[in-house]
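This report describes the aromatic contacts of a protein chain. The sequence and the structure are shown first.

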Amino acid sequence: MTVTSLPVSATKRSWKVLVTRQLPGNCLSDLDGLADLEVWKEDGPIPREMLLEMISDKDALICLVSDKVDREVILSAPRLKAIGNFGVGYDNIDLVTASERGIPVFNTPNVLTEATADLAFALILSAARRLGEAERFLRKGDPWTWSPNLFLGRDVWGASLGVVGAGKIGRAILMRGKGFGMRLFYTDTTRRDDLEDGTGAKFVTLDELLSISDIVSLNVPLSVSTRHLIGERELSLMKEGSILVNTSRGPVLDEAALERALRGGRPAAAGLDVYENEPIVLPGLLKLDNVVLLPHIGSATLSARRAMGRLAAGAIAAFIRGERPMNTVNPNVLGPDKEVGLS
Ligand code: DGY
């Protein structure tokens, strides 16, 4: 396929780029001299009507995983030629419409892998050792003394860890599990020899994984086939005393089913960083002590977020210069190598 609107040389005119939020650090500098940036300065998403208005004269968009870039948004931007998503998951973007319009979508893989794996492990430890509950207890200010039965939790060291989705983040979680002397399992659509060699993890089916793992970590991208991948039936397969952690996307997990399962004590605890109707958290979950709830901060370290910004802006800058950014999620719109370049 030929690119319908090849980038125009920056020497001819600079691109108008909408950035939907202020990003940490000076991570947009690659666009200096190539683009005029309009950055939304409020601490919250651009209201829908305003977004439709603001994008209408833009050549490119840098958006967040929390921005819904659907067909209406894309079609209201007749000049739009590129989208850079500040995140590795891009389920917030209507890729079909973007591709139909010949618009490449760039994401930010690799740079947030370790930060997100750290956070997944923090959730594992918090849920297993009841850190949220214990901290809330202490802050209440009630008198307490050391007690043999105070906040008894579960062992992480030596437990079995099952990772659902063996991409880069899943692998990084398995590596951490190795350091904790855990028995490692994974499931995915295909077996991954490289991952097995690197981590010693054993490939099993999803049902097997759920029934043998003390700790289950969800690390699949959101797609039609992963929506509600874990529902009532799957939760019922989990071991007694087990823990479920989700740092991928909320809709991968049926949140209402999880609430019921947690009330029933299986899984025994959970840790969530993402939600089915983000930013809304199911009210019932907020009342439960056996779930640790975080506000989607998986990649929230300064260095990861800076690197994500640089990658998103760098891809737009490269595209303006007529190059082929590596991190294009729909590379078919760029056509064969020879067709890309400044005209
Ligand atoms: C991503 O990159 O997909 C993350 O969810 C953002 O932190």
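## Basis of the analysis

A residue is called buried under 20% relative accessible area, exposed over 50% and partly exposed in between, with a 1.4 Å probe and protein chains only. The model is predicted: local features need pLDDT of at least 70, side-chain atom pairs count only at pLDDT 80 or more, and totals for chains, interfaces and linings use all residues. Residues are numbered from 1 along each chain as its sequence is written, and side-chain values use heavy atoms, with hydrogens and water left out.

## Trp-15 and its surroundings

Five aromatic pairs are found in the whole structure; rings of Phe, Tyr and Trp (its six-membered ring) pair if their centres lie within 6.5 Å, and planes under 30 degrees apart count as stacked, over 60 as edge-to-face and the rest as tilted. Trp-15 and Phe-319 are edge-to-face, because their ring centres are 6.2 Å apart and their planes stand at 80 degrees. This pair joins strand S1 (residues 15-19), which holds Trp-15, to helix H12 (residues 302-320), which holds Phe-319, across 304 residues. Helices (H or I, at least four residues) and strands (E, at least two) are DSSP runs, numbered from the N terminus.

Trp-15 is buried at 0% relative accessibility, and Phe-319 is buried at 1%. Together with Phe-106, Trp-15 and Phe-319 form one aromatic cluster. The charged end of Lys-81 sits over the ring of Trp-15, 5.3 Å from its centre; this term requires NZ of Lys or CZ of Arg within 6 Å of the ring centre and within 35 degrees of the ring normal.

## Phe-121 and Phe-180

Phe-121 and Phe-180 form a tilted pair, with 4.9 Å centre to centre and 45 degrees between the planes. Phe-121 is buried at 5% relative accessibility, whereas Phe-180 is partly exposed at 29%.
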